Amino acid sequence: MRPPTRPWAKNEGLTAPYGVTLHGLDTAAMAGALWSQYLSRHQRRLIARGWHLTQDQTRLLIMFLAVLHDIGKIQPAWQAAVPAADHLTGHPGYTPTPAGIPRLRHERATLYVLPELLHRLRGLPLDGSPNDLVAHQLAQIAATHHGTFPPALTHLRDELAHPAAALPALGTDGWDREREHLLRTADTLLDQPALPARPAPATTAILTAGLISLADWLASQHTWITKRQTDWATGAVTSTAAHLRRALRLAPAALREAQLRTPTVILPTTMHAMFPHLDGHRLYPLQQSIERELPTLVDRLGPGLLLITAPTGDAKTECGLFAVCLLGAAAHCIGTALFLPNRATCEPMWERLRAHTLATTRGPAPTGLVHHLAWLDTHFNPLRRTLASDAAIVDEWLRGRYRPMLGYAFAATWDQLTTAVLPARYNTVRWLGITRKTVVIDEAHAYGPYEHQLTKEALHWLGAFGVPVVLLSATLTGDTAADLVHAYRSGAGHTDTPALAHRYPGWTYTDLATGTITPSPTIPSDRAHTLTITVTPATHTHDPADPDGRARALLEALRPLHDARRGVALIVCDTIDDAQATHDLLDATWGSSPDTPRLLLLQSAIPHHRRTAATRKLQRWTGKGRPRPDRPLVTVATQLVEQSLDIDTDLVITDLAPLALIIQRAGRQFRHPRTDRPPWATGPHITVLVPPGALPKAWLQVYDESLLQHTRTALGPAGDHHLAIPEDLPAFLDPVYEPDFTNPAGITRQGREAAEHAQGTQAAVPRPARITDLHLLSEGEDPHPETRLGADTLRILPVYTTDGRTWLNRRTTQPLPDLIDPAAMHRLMHLTIPVRAALLDTADPDTDPPPTWKNIAALRHLRLLPQRMDNATPQPYRGRHRNLIVHPTLGLVSRTDRQGLDP
C-alpha cells in the first residue's frame with residue numbers, strides 16, 4: 001500500500017515527501033515513550049493533576065496533541081511550497097491561496113484551526129474568552145513546538161468559530177476535510193482520548209508543550225523518517241494503524257539512542273558510602289548533622305528546600321549532593337541540576353558531579369557541562385570516550401542546541417537557570433529538563449540585586465513545579481537567605497513570611513507541603529580557625545618607587561615567599577587592568593630565573609585556550625592532594641577565582657572589595673591539610689590593600705561605592721585584625737549589607753538596588769498564578785536574554801594584517817580561513833577573547849568576519865580585532881575611546897592614547 005504522503009510535512013533531504021499524518025503518529029509514539037520512560041514520576045503526577053485526568057488519560061491526551069501539532073501545514077501555500085512534492089494544491093476542491101495573501105506560519109495556523117475542530121468534532125465549548133477555553137489552550141500548546149507560545153486568538157474576527165473565513169490563507173473545502181481527517185485519525189487510533197474539562201495551570205501547560213517539542217525533535221530525525229519510509233516500501237507497514245504500532249515499538253530504542261532513558265539509581269544511606277574518598281576520615285560536624293537529621297526530616301515532611309550555609313572548605317558540596325539523593329527520592333525526581341556562578345567554577349564542579357553520577361548510578365547516565373562554550377572543553381568533548389567505556393558521557397544528539405539539560409545530570413552556569421524565567425525560545429524544553437531533577441544552586445549569595453531578583457523568580461517557579469532545591473552559600477546574610485526561602489515557599493503556595501531563624505554554620509529545611517521552616521542548631525566546625533586580616537593602606541598606584549603605593553605594599557606582603565623560595569600566594573585584583581599591571585610589576589621586579597617565583601595570570605581577557613590552561617595549572621598545583629610546584633607560585637587573578645574553585649594557597653592578597661567577597665577570597669587558602677607548607681605560613685592570612693582616600697573610579701564600575709566604604713570601615717585601621725571563623729562571621733558581615741540612608745553613597749545604593757530589583761521583576765515572565773495567556777511566557781522573546789545586568793559582551797578573534805591579507809598569528813604563517821571545518825572552528829574559538837561590547841567599533845567593516853562564516857552559528861557573531869603588522873610588530877587597533885592590542889602574556893590590553901601600549 002502506498003504511504004499517505006499528502007498532505008506532506010517533511011521534505012528536506014528526503015527522496016520523497018513524508019506525510020503530515022505519518023509524522024504526527026511518529027511524534028505521538030515518541031510522546032508516549034517519553035511519558036512512560038523519560039518523565040519522572042513527579043512530572044507525570046504534576047501534569048496529570050493539572051489536567052484533572054488520570055495518568056493514562058493524560059498520556060493519551062499528549063499523544064493526541066502530538067498527532068495534531070503540524071495540522072497547520074495543511075494549507076495551500078505550505079503544500080505548494082515544494083514544486084517537486086506530490087501536493088494537493090490545484091486538485092478539485094483544493095483551491096490555491098488567493099493572490100496577494102501571504103503564507104501563514106504553520107504553527108500559527110495550528111492555533112487558528114484546532115479550537116474550531118475540537119469544538120465541531122469533540123464538543124469542546126467556544127463560548128467565552130479564548131484564555132478561558134480548553135480548546136484554545138490545547139491549540140496554543142500544540143502550536144508551541146517551535147519554541148514560543150503564540151499570541152492568543154480574539155473574537156474580533158470570529159477567529160475561533162470560523163478560522164478559514166478570518167484567514168483565507170488556511171483554505172476551505174478539501175483543506176478543511178484534510179484537517180478533519182487528521183483529527184479523526186488521531187481519535188480513532190488513540191481510542192478517542194479524554195479531553196480536559198478546564199484549562200491547566202501554567203506549570204502543566206509548560207511541561208506538556210515541552211514534551212511535545214521534544215517528541216517532535218525525535219520524530220523529525222532524518223534516520224527515523226527514512227526507516228519509516230522503508231517500512232512502507234518493503235510492505236512491513238501497510239496502514240496508519242500498523243505505522244503507529246511499529247512507531248510505538250521502536251520509539252524506546254530512539255530514546256535510548258538519544259540518551260533519554262533513566263539509569264538505575266543507587267541510594268547510599270551514609271556519606272562514607274556515597275563518597276569513597278571520605279573513607280578513613282571523620283566527617284565534619286556539618287556532614288554529621290545532615291547525615292543524621294535530614295533523612296528523618298524528609299521522611300516526615302516530604303521534599304522541599306535545603307539551605308546550607310557554612311564557611312568555605314566545610315564540605316558543602318558533599319552535603320548538597322547527599323541531600324540531592326534524599327530529596328530526589330522523596331520527590332520522585334531523577335538526577336541533578338547543579339548551577340554555579342560562572343564558567344571557571346562550572347567546569348571543575350562538572351568533574352566532581354560526573355564522578356558522583358558514576359558512583360551512584362548503573363547504566364548510561366549522561367552528565368552534561370552546560371554553558372555557551374562547553375563544546376570547546378576537551379574533557380567534556382566525547383572524542384576521547386565512547387558510550388561503551390563511559391556511562392556518564394554526553395553524546396552528540398544530547399549536546400545539540402536546547403538539549404543539554406535533558407540528560408540525567410548536568411553542571412551549568414547560573415544563567416542557564418535564570419534564562420528559564422525570561423522570555424527565551426524553547427524554555428518549555430528547558431523546564432522539562434530542569435523539573436525532572438533536584439536543583440542545586442551553589443554560591444547562592446554571589447549575585448547583584450538584578451540577578452538576585454531573577455534567582456528569586458526562578459525559586460518561585462521551582463516551588464510551583466514542586467521541584468526539590470538545595471542552596472549552598474559561604475556568606476549568605478540573613479535577609480538575603482529569607483528572601484530566597486520565601487520565594488520558594490510562595491511558589492509552593494505559602495504566602496505568609498515567618499521569620500527565618502537561620503544559624504551559621506548550619507542548615508534550614510523548608511518542606512513543600514506545609515511550608516514549615518525547620519532550622520538546625522548552630523553547628524560547630526572542625527575547621528574553626530582564626531583568620532588574620534592585615535589592613536594595609538596603599539595608594540592606588542603601580543609605581544614601585546611610591547613608598548605608600550600599592551606596588552610597594554604588594555612586594556612587601558610577598559617578601560616571605562620570595563625570600564624563603566617556598567610557598568603559594570594568590571593576588572586577587574578588582575579589575576583586569578590592575579591584574580595586568582600587577583603581573584608586569586612582579587615580572588619586572590623578579591625576572592624569570594629558575595630561583596624566582598613562578599607567575600601565573602588568570603583573568604577573562606586572555607584567549608580561551610590560555611584561560612583554560614591557566615585554570616587547570618592552578619588546580620593541578622594547588623588542588624586537594626596535589627603536589628606543589630618545584631618553585632614558589634604567585635597567581636595574579638581577578639574575581640574568577642573567588643568562588644567554588646577548590647584551590648589551596650598559603651597566602652591571599654586582595655584589593656579592597658565588598659566584605660563578603662574578601663571572605664570568599666580568604667577561603668582560597670588553608671583549605672586542606674598539607675605537610676609541605678612553608679614555615680612562614682602559620683595560618684590563614686589575608687592582606688587587604690585599602691586606598692586611604694578616594695576610591696579608584698575603575699573599582700566603582702565593578703562594585704558599589706557604599707559597600708566599599710562600609711567594608712573599609714568594618715575592616716578597621718591599619719594593622720592586623722583577627723576574626724574567629726565561623727563564630728564571628730555573621731556579626732562581621734551583616735552590618736556592611738544593611739540598608740544605609742545616612743550618606744549620599746548609601747542612598748544611591750538603596751535607590752540603585754531597588755531599581756535593579758524592579759528591573760529583574762520586569763524582565764522575568766509573570767509568575768505562574770498570573771499567567772492567563774500562555775503567550776505571556778514568550779512575549780518579547782529574546783535570543784540573547786539579559787541574565788546579568790550590564791554584561792553586554794562579545795567575543796573577538798585577534799588577527800594580524802599585512803598588505804591586504806589577514807593572519808591568525810603574529811608570524812603571519814597561518815592565514816585566516818574562509819572555509820571552516822569542525823576542527824578549524826574549534827581552533828578559532830580557542831583563540832577568541834570575551835570583551836565588553838563598548839570597547840569595539842562593531843560598525844567598522846575591518847572587524848567583520850569573512851562572509852562565509854555567517855551560516856556557522858558558533859562564528860557568526862564573532863568580531864575580528866585587526867592588528868596591523870609594522871616591521872613584524874603588531875600595532876594597536878583603535879576601538880571606541882581605547883586602543884586595543886593582544887599581548888602575548890597579558891592578553892587583551894586596553895589603554896587610552898595617553899597611556900600607550902607595549903605590544
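**View 1. Strands β25 and β26 run antiparallel and are joined by two bridges.** In this predicted model, local features need pLDDT of at least 70 and side-chain atom pairs count only at pLDDT 80 or more, while totals for chains, interfaces and linings use all residues. Residues are numbered from 1 along each chain as its sequence is written, and side-chain values use heavy atoms, without hydrogens and water. Strand β26 spans residues 883-887. Arg878 stands opposite Asn883 of β26. Strands are DSSP runs (E, at least two residues), as are helices (H or I, at least four), numbered from the N terminus.

**View 2. Three strands form an open sheet in the order β25-β26-β27.** The pairing is antiparallel. Two strands pair if DSSP finds at least two bridges between them. The edge strands, β25 (877-878) and β27 (891-895), each pair on one side only.

**View 3. The largest cavity has a volume of about 140 Å³.** A cavity is a set of points on a 1 Å grid over the protein atoms alone where a 1.4 Å probe fits but cannot get out; lining residues have an atom within 4 Å of a point. Volume is the space filled by probe spheres set on the points, which are joined across faces, edges and corners. Of its 13 lining residues, Thr312, His529, Ala666, Gly667 and Ile725 are the closest to the centre. Elements β13 (529-537) and α24 (659-666) each give two or more lining residues.

**View 4. The second largest cavity has a volume of about 80 Å³.** Its lining includes Phe149, Trp431 and Leu777. Helix α17 (residues 427-434) gives the most, with three residues.

Methods. 1 Å grid on protein atoms, 1.4 Å probe; cavity = no way out; pocket = protein on both sides within 12 Å on 5 of 7 lines; lining within 4 Å.
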